[in-house]
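Biologist: I would like to go through the spaces and the helix packing in this model, and hear what each label rests on.

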Amino acid sequence: MCVAPDAECAARWVADEIESLVRGAAAPVLGLATGSTPLGVYRELARRAAAGLSFARLTTFNLDEYLGLAPDHPASFRAYVERHVVQPLGLDPRRVHLPPSDVDGARADEAALAYERAIQAAGGIDLLLLGVGPNGHLAFNEPGSERDSRTRVVELAPETRAANARDFPAGEEVPRRAITMGIATILEARALRVLAFGAHKADVVARALEGPVGPAVPASFLRGHADVRVLLDPPAARALTHR
Ligand code: GLP
């Protein structure tokens, strides 16, 4: 765990690691989170791309995607990643992976299995960016998700749907289901970089880092990983006993 002077500084540290990965690996694979938290990292990477850093060989896998949205819906994670990552970094669209948002029933279950296989076929994830939901969720692994869970179809918790309503046009329902990488899938990434900023994350950060490890707080499972770094700003760290 590491408390940065501020969120911009934490974003630069993570961007430095991603730059080293992109420069050093023959076939770098990065896992991407959505939400407001990683936007500073994506802005910093965009700045470096504009200054000449090439991301042409980078393969990406997003953590999760809603079900029941057209891929070009402005609140889909596909649209988010196009806007904040693919275009500004100049990624090769053939190397950009998200679970599909426009499948249903057995096809959604098959898509989840195929996503898991695609991550393995790419050689696994070198570095995976993560945020933490206010209820302790990781990607869309809501409370109750087990340590051995894999990429699958999940029901979203009411508090997650309420929090994410900000991304949807007024009056439009937030999807009830999603496909998410599982906890076991996430823990197989070679390095995890977890970001949490702001006083509204202080309680969940303390529960994840200092409370019991278990499905009540899925983010607590991160503590079992050999190369995990949790990057906080001072407000997000304020409920921790040990800093
Ligand atoms: C979303 C995502 C998570 C993300 C979380 C926190 O629902 N599925 O991967 O970490 O919410 O969002 P924010 O960064 O906006 O606080």
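Modeller: This is a predicted model. Val132, Val194, Ala196, Val205, Ala208, Leu209, Ala219, Leu222 and Val230 form the lining of the largest cavity. Strand S9 (191-196) and helix H7 (202-210) are the elements that each give two or more residues to that lining, and H7 has the largest share, with three residues.

Biologist: What makes this space a cavity and not a pocket?

Modeller: A cavity is a set of points where a 1.4 Å probe fits but cannot get out, whereas a pocket is an open set. The volume of the largest cavity is about 60 Å³. With a threshold of 30 Å³ or more, the count is one cavity.

Biologist: How do you know how the residues of that lining divide by class?

Modeller: Ala, Val and Leu count as nonpolar. The lining of the largest cavity consists of Val132, Val194, Ala196, Val205, Ala208, Leu209, Ala219, Leu222 and Val230, so the division is nine nonpolar, no polar and no charged.

Biologist: Which residues are closest to the centre of the largest pocket, and what is the volume of that pocket?

Modeller: The largest pocket holds about 580 Å³ of space. Among its 31 lining residues, Thr34, Gly35, Ser36, Asn164 and Arg166 are the closest to the centre. Strand S4 (64-66), helix H3 (77-89) and helix H5 (158-164) each contribute at least two lining residues. The classes in this lining are twelve nonpolar, 13 polar and six charged.

Biologist: What lines the second largest pocket?

Modeller: The lining includes Ala7, Glu8, Ser36, Arg43 and Phe197. Helix H1 (7-24) and helix H2 (39-50) are the elements giving two or more residues to it. Its volume is about 160 Å³, and the lining has four nonpolar, three polar and four charged residues.

Biologist: Which residues make the contact?

Modeller: H1 supplies Ala11, Arg12, Val14, Ala15, Asp16, Ile18 and Glu19, and H2 supplies Gly40, Val41, Glu44, Leu45 and Arg48. By class, this contact has six nonpolar, one polar and five charged residues.

Terms used: Residues numbered from 1 in each chain as written. Predicted model: local features only at pLDDT ≥ 70, side-chain atom pairs only at ≥ 80, totals over all residues. Heavy atoms only, no water. 1 Å grid on protein atoms, 1.4 Å probe; cavity = no way out; pocket = protein on both sides within 12 Å on 5 of 7 lines; lining within 4 Å. Points joined across faces, edges and corners; volume = space filled by probe spheres on them. Helix = DSSP H or I, 4+ residues; strand = E, 2+ residues; numbered from the N terminus. Contact = heavy atoms within 4.5 Å.
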